[in-house]
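User: Hey, can you walk me through the structure I'm about to paste? I'm new to this.

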Amino acid sequence: VDDAEFNVIMLQEVLGSRGFRNCMKALDGEKALEMTLAHKPDIVILDLMMPGMNGYEYCRRIRRMAEFDDMPILVLTMLKEPQERARAFDAGASDLVNKPVHVDELLARVTLHLRRKFSMGKLNRYREENEQELKAARKMQDMLLPGAETIRDAEQRHGLTIYSHSAPCANIGGDFWGMLELSPHELALFMVDFSGHGVTAALNTFRLHAIIMELKQRMADPGLFLTTLNERLSVLLGAEQFATMFCGVLDATADTLRYAAAGSPPPLIISEGGASAYTLDCRGVPLGVRSSQRYATREVPFERGDSLLLFSDALLEGVNETFQPFEDHFFSAYSWPCKEPSQVFQSLIADFYQHTGGVVADDLTVNLYFRNP
C-alpha cells in the first residue's frame, strides 16, 4: 500500500521474483481497507504518509476487527524520531522497515512475520481442536456419574434423599462417584479422586470405573473390594499416579454403614436432628501406591434421620484471599447441628464458594446421603 505507484510496482516485482504469489496493490488507505476486508491477506506492507486515509488510520481501523488481530502489518517509513516510530506501533504496526528499503532486509522481515502468522494459525487450530476433544471427553466422563433417574430410583428403593454437587476445575478432571444396588436393603456408594487433572486423570477414571464395574459384586465387603481394586490398579498406573477412594455400603436392615477408605478425606456422619456430628476414620494408603496394601472394613451406625457427607479434598483445601483453607471453617466454625439436610448441603456449598471467591483449584465433588425417617 503506497500512494507512489512506482513503489508498489517495484515491490510486486521483487516479491514475485522471490517466489511470493498473489501480491495485490492499493494506492491509498481506503482502497487498502476495502481489499483487506475482501481478500484477508496474510501480510500487509504499508506506507504511512498517504493522502486521505493514511497508514496510521488504516492500522487503527483494521485493528478494531478481531479477525485481523494476528495479521502482520509491515510499515515502510522514513521516520527517525522514537516518538514517531512509537506512534506507528501504537496504531497497530507489527514492524518497521526504514526507507530507502533494503531488499534483503524487507524479504527477511516478510518471511519472518509470515512464519509467525502461520505458526500462530496452526497453534490456534490445535487449540480449537483440543477444546472440542476436551468437551467430548468431559461429556463422556459425565456419563460415568449417576444420572437423575438413577438417583431417584436409589432414593425410592432405599429410603434416601441424595444431594450432589460436582465442579471440575478444568474441562476434564479426576473426580467421580457412583452407586450400586447390592440387594433390596443394601446400597453401595463410592467416591474417587485421582491425582492430577486433564487427560491423564480422565483416562484413569475410565480405567478405574471399568474395573469397579467388573468387581462390583465384591463391594459387600468394602475392605476386600478396595484390596482387590488396589492390586489391579497398581499394575496399570504410572509413577506418581494414585487415587484416593471411599467405598461404603448402607444397610437398611442392620441400620449400619460398612466402609473402607484409601486415604480419602474423612466423611461426616450427622446424627438425626443434627444433634451431633463426627468424622469417619479414613486413614489408609491411596490406591495404586503399594500393591500389597490391605484395607479393613469398618462399621458404624447409620439410622433413620442420619446423614452421610462425602466430599473430595478440594472442599478442605479451597483457600480465601489470605490463604486460609476452608478446612478450618469446616471443622470448627461451621455449625452442623440443628440443620435440615438440605440446609446443611446448600449452606455448605454457598459458604465454600463465598470463602474461595468462586475460585476452585481442584475438582470439587460433594454428596450428602440423608436416610429418611
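This is a predicted model: local features need pLDDT of at least 70, side-chain atom pairs count only at pLDDT 80 or more; totals for chains, interfaces and linings use all residues.

User: How many aromatic pairs does a search of the whole structure find?

Analyst: The search turns up 5 aromatic pairs. One of them is Phe-176 with Phe-190, an edge-to-face pair at 6.1 Å centre to centre, with 80 degrees between the planes.

User: Where in the chain are Phe-176 and Phe-190?

Analyst: Phe-176 is in strand 5 (residues 175-183) and Phe-190 is in strand 6 (residues 186-194). They're 14 residues apart, and the pair links distant parts of the chain.

User: Is Phe-176 buried or exposed?

Analyst: Phe-176 is buried, because its relative accessibility is 1% and buried means under 20%. Phe-190 counts as buried too, at 2%.

User: OK, and why is the pair of Phe-326 and Phe-352 called edge-to-face?

Analyst: Their planes sit at 90 degrees, with the ring centres 5.4 Å apart, and an angle over 60 counts as edge-to-face. Phe-326 belongs to helix 10 (residues 326-333) and Phe-352 to helix 11 (residues 341-356), 26 residues apart.

User: Which residues do ring pairs link into a cluster?

Analyst: That cluster is Phe-326, Phe-352 and Tyr-353. Phe-326 is buried at 0% relative accessibility, and Phe-352 is buried at 1%.

User: Switching topic: which residues form a negative surface patch?

Analyst: Glu-128, Glu-129, Glu-131 and Glu-133 make up that patch.

User: Which helix is Glu-128 in?

Analyst: Glu-128 is in helix 5, which covers residues 103-142.

Conventions
Residues are numbered from 1 along each chain as its sequence is written. Side-chain values use heavy atoms; hydrogens and water are left out. Patches are made of residues with over 30% relative accessible area and no salt bridge: like charges are joined within 9 Å, nonpolar side chains (Val, Leu, Ile, Met, Phe, Trp, Tyr) within 5 Å. Accessible areas come from the Shrake-Rupley method with a 1.4 Å probe; for residues, only the protein chains shown count as cover. A salt bridge is a side-chain nitrogen of Lys or Arg within 4 Å of a carboxyl oxygen of Asp or Glu. Lys and Arg count as positive and Asp and Glu as negative; His and the chain ends are not counted. The place of a charge is taken as NZ of Lys, CZ of Arg, CG of Asp or CD of Glu. Helices (H or I, at least four residues) and strands (E, at least two) are DSSP runs, numbered from the N terminus. Rings of Phe, Tyr and Trp (its six-membered ring) pair if their centres lie within 6.5 Å; planes under 30 degrees apart count as stacked, over 60 as edge-to-face and the rest as tilted. Buried means under 20% relative accessible area, exposed over 50%, partly exposed in between (1.4 Å probe, protein chains only).
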